[in-house]
Amino acid sequence: MSEFLDALRQNAFMQYAVLAGVLASVACGVVGTYIVVRRITYIAGSISHCILGGIGAALYLREVHGWTFATPLRGAVIAALLAAFIIGLVTMRARQREDTVIGAVWAIGMAAGILFIFKTPGYQQDLMSYLFGNILMVTPEDLWLMAGLDVAVIAAGILFYNPLLALCFDEEFARARGMRVEGYYLFLLCLTALTVVLLVSVVGIILVIALLTLPVAVAGHLAKRLWQMMVLAAIFSIVFTVVGQAIAYSPGLPAGATIIVLAGAVYLVVAIGSRLPRRWPSSSGASPPRRGSLPCRRERPR
Amino acid sequence: MTEPVIAIEGLSFAYNGSLVLEDVNLTVAARDFVSFVGPNGGGKTTLLKLILGLLAPTAGSVRVFGRSPTVARPRIGYMPQHAQVDPRFPASVTDVVLMGRVSKAANIGPYRRADREAVWEALRQVDLYAYRRRPFADLSGGQRQRALIARALAAEPDLLLLDEPTASLDVRMEEELYGLLKTLNERLTIILVSHDLGFVSKFVKSVVCVKRRVVVHPTSEITGEMIQEIYGDVRMVRHDHRCAEDGHQTGKGGQSCQNS
């Protein structure tokens, strides 16, 4: 641990790495909470894998066609927003086939990315760092963009807290109140896309879902209200990313994977721990009884 | 004579090509207390959603307070079927009831003082004010149901629509809930969906039988034989019961219902 602290004091790239983790964690707490309670983790996974397509296209355009403004992070932002719009429109219009479409977007985005990277000279070995993250490669320029995304995501998440809460709790009721549910849903998917981009720089494309959901899941065992869940999830996420990096440093382990294993271990301990005492039998475990479909339930002698 | 709260004319609704509701004509007057009864899949909830404007009719018209349902929405309080709410959602009772204050217009930023006061008033009406800071997840089934009614009341509606409000309650809680609704009915028009005609008929003023077509009965008309016919033998109701315009008929025999 002291070795990590020394390195942190001496190396700018280590400080960038820690800062990137913290920046990503705050957005992760806010948006990850919405994602978990709205149950769109699978959509977040699809968006994150699509990012490889954007990164690949950006690298290809920059190396082969000399488009210098096509940075991987910008490509990632565009791909993520595009995926969010496609999935959002499809899930709103054609409800029956939404999982098929989400899965297809997931795979096609990745496949496109692999093809682009394959055709870009000299970048094949970088594939691993995009897939599993390489937090030590974060540049000051990336940090500024990340900070900008962070401010936008958090401001939006807080400003629209009430309608997003209503959307996540009971979409149909919100619609009956006249709220523009479709618009807010698309908006939430865009926030998800931007947050996923932030997290990809920390843990990579494949591990994003874990960092998006595990801190929230841990927070869910303690929080009684949605905003508490957000604050706690952000704190847990900061702890996981910083401590994970510290653990990874001395043995030279990949930071992204270490962060996720740490988060997963904490989640397991909390999940098992909360099952054991059964202090809240009314609120834990039991799913609501099925109703409405059982005609014999209401038989009463008259 | 004031204008009716709800006026439905020649309404039909088809879902995926199959007719769910056919040629429905229904008028609900102010301060009526109506129950939609009928078998599952008969179109009770569909009719409720048409009144809310969540669904658009295939043919015919729905007017609520003389306007289209989407325009009338601010005056409608709605309680959906309990099953669609996650009972473990991290929110306090106040958080949940405050959701009754979202609207078409401004939802940005925090709720205002007027919103909170409306919510507290709604919580007092359902006798949950003392529970306002409790997590929603810690409430009992009956309290949760009352919190969702408070959420509908928080909008300060003139018309209250409730979909299966007693579905998860035991008999005692059910009586309590109907008592509450009876009080609310002194100033609100109430429509509720139920598949329990016998119990409901003690409280409501009219019963609307919904099974593709719609037949209206004032509660005074409901006789023991009719309850027997609709609900005495559940199996018979599910397969043979007809709600026809010329009265209630049973299956193949086609004998007329006592009250028609």
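I start with confidence in chain A. The mean pLDDT of chain A is 84, and 89% of its residues reach 70 or more. Among the elements of this chain, helix α12, residues 226-249, has the highest mean pLDDT, at 94. The lowest mean, 80, belongs to helix α6, residues 127-132. There is also a stretch in chain A, residues 280-302, over which the pLDDT is below 50. Beyond near neighbours in sequence, that stretch has 27 contacts in the model. Where pLDDT is low, the predicted coordinates should not be read in detail.

Next, the core. The largest nonpolar core has 171 residues. Which of them touch the most other members? They are A:Ile51, A:Ala80, A:Leu199 and A:Leu211. Helix α10 of chain A, residues 181-203, gives this core its largest share, 14 residues. Take A:Ala80 as a case. Leaving out residues up to four places away in sequence, A:Ala80 touches A:Ile47, A:Cys50, A:Ile51 and A:Gly54, and also A:Ala193, A:Leu194, A:Val196 and A:Val197.

Last, two residues of chain B. B:Phe65 is not a glycine, yet its phi is positive, near 50°. Where is B:Phe65? It lies in the loop between β4 (59-64) and α2 (69-72) of chain B. B:Phe65 counts as partly exposed because it has 19 C-beta neighbours inside 10 Å, and buried would take 20 or more.

B:Asp127, again not a glycine, has a positive phi of about 65°. Its place is the loop between α4 (113-125) and α5 (141-153) of chain B. With 13 other C-beta atoms within 10 Å, B:Asp127 is partly exposed; exposed would mean 12 or fewer.

Methods: Residues numbered from 1 in each chain as written. Chains lettered and ligands numbered in written order. Predicted model: local features only at pLDDT ≥ 70, side-chain atom pairs only at ≥ 80, totals over all residues. Helix = DSSP H or I, 4+ residues; strand = E, 2+ residues; numbered from the N terminus. pLDDT = per-residue confidence, 0-100. Contact = placed C-beta atoms within 7 Å. Core = buried A, V, L, I, M, F, W, Y, C linked by C-beta atoms within 7 Å.
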